[in-house]
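Here is a short note for a colleague who is opening this structure for the first time. Please read it with the model on screen.

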Amino acid sequence: MKVPMLDLSEQYASLKTEVLEALDGVMSSSVFILGSNVKKLEADIAEYSHVAHGIGCGNGSDAIHIALQAAGIGAGDEVITTPFTFFATGGAIVRAGATPVYCDIDPVSFNIDPAEIEKHITDKTKAIIPVHLYGQMADMVSIRKIADKHNLIVIEDAAQAIGAKQGDFTVGELGDAATYSFFPTKNLGAYGDGGMVVTNNADIAEKSRVIRVHGSKPKYYHAVLGYNSRLDELQAAVLNVKFPHLDTWSEQRRAHADFYTQLLNEKVGEYIKTPVKVEGFHHVFHQYTILTERRDELQAYLKENGVDTMIYYPLPLHIQPVFESLGYKLGDFPNAEKAANEALSLPMFPELKEEQQQFVVEKIAAFFSGK
């Protein structure tokens, strides 16, 4: 048996007729840029996020940059974020002209630790970007309190966590804005790139709409330096077909996570740590990520035995070569560094079969037993 990290073929087969009809509708209409499909998706995702505005853009990385610029973050400003995330988070801060200030993570949730944030606040701090990693929200209730105390903007990087919740609060409700990625691997994935800013702030929403079209309003008149980052109408059509299935797919992911956890704790609980669903949080399991001190050996063994895995992420942002000028060093954020050395994500997608999961766990058990 071979178990892929992700397999989208079964999902496409189940939606093929609807998807092709939707794509044909776009091509027949000849409206390819910011048409009715984008508008519908923006409205639906905004409603899903319990906010008033959705602004579709080219990808999740641009969404963060656009939200920062729309919120007035720029040169001379500092933005506190986690070092244990995809590069796009730190990269967007720098592209906006600001400076990323890193803060260690909570070792249980892998998300930014609210207890660590205030020690990094200076008179230059203007914003916080919590990243809802692997599908579990950061502690937004605590982060919102800190932000309000210090008059800071909060932009949620929710690329991996559409549909996640903390209590009754969903992604986007407690931040000044939140950003999504619709990269094909995401829980709600397009057939190419795509992203969105969601917000309750009318000013951020309007500025985001202007920034995504070269800063033009009205057309051909530019008071703002924007750039070209629009959600494609064809991708929006695909996402409109897939969106009604999102909650079902998330529940399937959660069921797979429970099954993994049960099997792993029974067979290899002494060798690994399974992910924790923090009490009061609704985890949507974009990834199912274990911790083990023998991560690299285990990954190599699983690859040899037909199981795909991924490391998200092997080198924290504070020690990435491109950020060397910020002056961070190994040892500054021990929880993030430990996670980067031990985290291994197992195959996870809604259509994953129990027998595939059993095979994955059997191979993990065989590795630790030396067989």
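This is a predicted model: local features need pLDDT of at least 70, side-chain atom pairs count only at pLDDT 80 or more; totals for chains, interfaces and linings use all residues.

The points below cover a helix pair, a strand residue and some aromatic rings.

1. Helix packing. Start with helix H3, residues 60-70, and helix H4, residues 87-95. They pack at an angle of about 40 degrees. Their axes are 9 Å apart. H3 and H4 are therefore oblique to each other. Their crossing is right-handed.

2. The contact between these helices. H3 contributes Ser-61, Asp-62, Ile-64, His-65 and Leu-68. H4 contributes Ala-88, Thr-89, Ala-92, Ile-93 and Arg-95. By class, the contact of H3 with H4 has 5 nonpolar, 3 polar and 2 charged residues.

3. A strand residue. Is Thr-179 buried or exposed? Thr-179 sits in strand E8, residues 177-181. Its relative accessible area is 1%, so Thr-179 is buried; the cut-off for buried is under 20%.

4. Aromatic pairs. How many aromatic pairs does a search of the whole structure find? The search gives 17. One of them joins Phe-86 and Tyr-313. Their ring centres are 6.2 Å apart and their planes lie at 35 degrees, so the pair is tilted. The pair links distant parts of the chain, 227 residues apart. Phe-86 is in the loop between strand E2 (78-81) and H4. Tyr-313 is in the loop between helix H10 (295-304) and helix H11 (334-342). Phe-86 is partly exposed, with a relative accessible area of 48%. Tyr-313 counts as buried at 13%.

5. A second pair. Tyr-301 and Phe-367 also form a tilted aromatic pair. The distance is 5.5 Å centre to centre, with 50 degrees between the planes. Tyr-301 lies in helix H10 and Phe-367 in helix H12, residues 354-369. This pair also links distant parts of the chain, 66 residues apart. Tyr-301 is buried, with a relative accessible area of 18%. Phe-367 counts as buried at 10% relative accessibility.

6. A ring cluster. Which residues do ring pairs link into a cluster? They are Phe-84, Phe-86, Phe-110, Tyr-134, Tyr-312 and Tyr-313.

Methods
Residues are numbered from 1 along each chain as its sequence is written. Side-chain values use heavy atoms; hydrogens and water are left out. Axes are lines fitted to C-alpha atoms, for helices over the stretch in contact, and angles run from 0 to 180 degrees between N-to-C directions. Helices (H or I, at least four residues) and strands (E, at least two) are DSSP runs, numbered from the N terminus. Angles under 35 degrees count as roughly parallel, over 145 as roughly antiparallel, 65 to 115 as roughly perpendicular and the rest as oblique. A crossing is left-handed if the near helix is turned anticlockwise from the far one by less than a right angle, and right-handed if clockwise. Contact means heavy atoms within 4.5 Å. Ala, Val, Leu, Ile, Met, Phe, Trp, Tyr, Cys and Pro count as nonpolar, Asp, Glu, Lys and Arg as charged, and the others, Gly among them, as polar. Buried means under 20% relative accessible area, exposed over 50%, partly exposed in between (1.4 Å probe, protein chains only). Rings of Phe, Tyr and Trp (its six-membered ring) pair if their centres lie within 6.5 Å; planes under 30 degrees apart count as stacked, over 60 as edge-to-face and the rest as tilted.
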